[in-house]
Amino acid sequence: TKRLFLFSLLEKAWSGSPVQFAWQKTLGNFLAVTGGDRAVKIFDRHGQKRNEISLPGNCVAMDWDKDGDTLAIITDKSSAIILWDANTNKTSQVDSGMR
C-alpha cells in the first residue's frame, strides 16, 4: 500500500538556499531536511518538528541506514559523522578520521 503525505514546511532559515531532504527508509515516518542554516530538522509524517540537530558546518550529505533506524549526517567543517537514532530520538557522533 502506498501512502501520500502532503504538507508544507515554512522555515525562514531556508529562504534562498538549496534544500536537501531524505525520507526515512522502510517506515517513512520521518523526513530529514536541511538548508543553509547549519541544522537538520526532523519532521514526522504529519509535518510536526520532532528534533533539530545543530551542525558544526553545512550539511554535505545525509542518508538513512537500510532499516531506517539511523540517519547519518556529514558536514563540511568536521570529520565526525553525526548519527540520529529514530527509535530513541538521540544523537551521537563517530569520528570518521577523514578531513
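## Salt bridges in the predicted model

The structure holds six salt bridges, a salt bridge being a side-chain nitrogen of Lys or Arg within 4 Å of a carboxyl oxygen of Asp or Glu. This is a predicted model, in which local features need pLDDT of at least 70 and side-chain atom pairs count only at pLDDT 80 or more, while totals for chains, interfaces and linings use all residues. Residues are numbered from 1 along each chain as its sequence is written, and side-chain values use heavy atoms, with hydrogens and water left out.

## Lys25 and Asp63

One of the salt bridges pairs Lys25 with Asp63, whose closest N and O atoms are 2.7 Å apart. Lys25 lies in the loop between β1 (20-23) and β2 (30-34), whereas Asp63 belongs to strand β5 (residues 59-64), so this pair ties together parts that are 38 residues apart in sequence. Strands here are DSSP runs of E with at least two residues, and helices are runs of H or I with at least four residues, both numbered from the N terminus.

Both partners are partly exposed: Lys25 has a relative accessible area of 31%, and Asp63 has a relative accessibility of 42%. In these terms, buried means under 20% relative accessible area, exposed means over 50%, and partly exposed lies in between, with a 1.4 Å probe and protein chains only.

Lys41 is buried, with a relative accessible area of 2%, and its side chain meets that of Asp37 in a salt bridge with an N to O distance of 2.4 Å. Lys41 also forms a salt bridge with Glu52, where the closest N and O atoms are 3.8 Å apart. This second pair links distant parts of the chain, with Glu52 in strand β4 (residues 49-54) and Lys41 in strand β3 (residues 39-44), 11 residues apart.

Glu52, for its part, is partly exposed at a relative accessible area of 41%. Through salt bridges that share partners, Asp37, Lys41, Lys49 and Glu52 are joined into one network.

## The chain as a whole

The protein chain contains eight strands and zero helices, and from the N terminus on its elements run β-β-β-β-β-β-β-β. Of its 99 residues, 33% are buried. Among contacts (heavy atoms within 4.5 Å) between residues at least 6 apart in sequence, 28% join residues at least 24 apart.

The accessible surface of the protein chain, computed by the Shrake-Rupley method with a 1.4 Å probe, comes to about 6,400 Å², of which 51% belongs to carbon and sulfur atoms.
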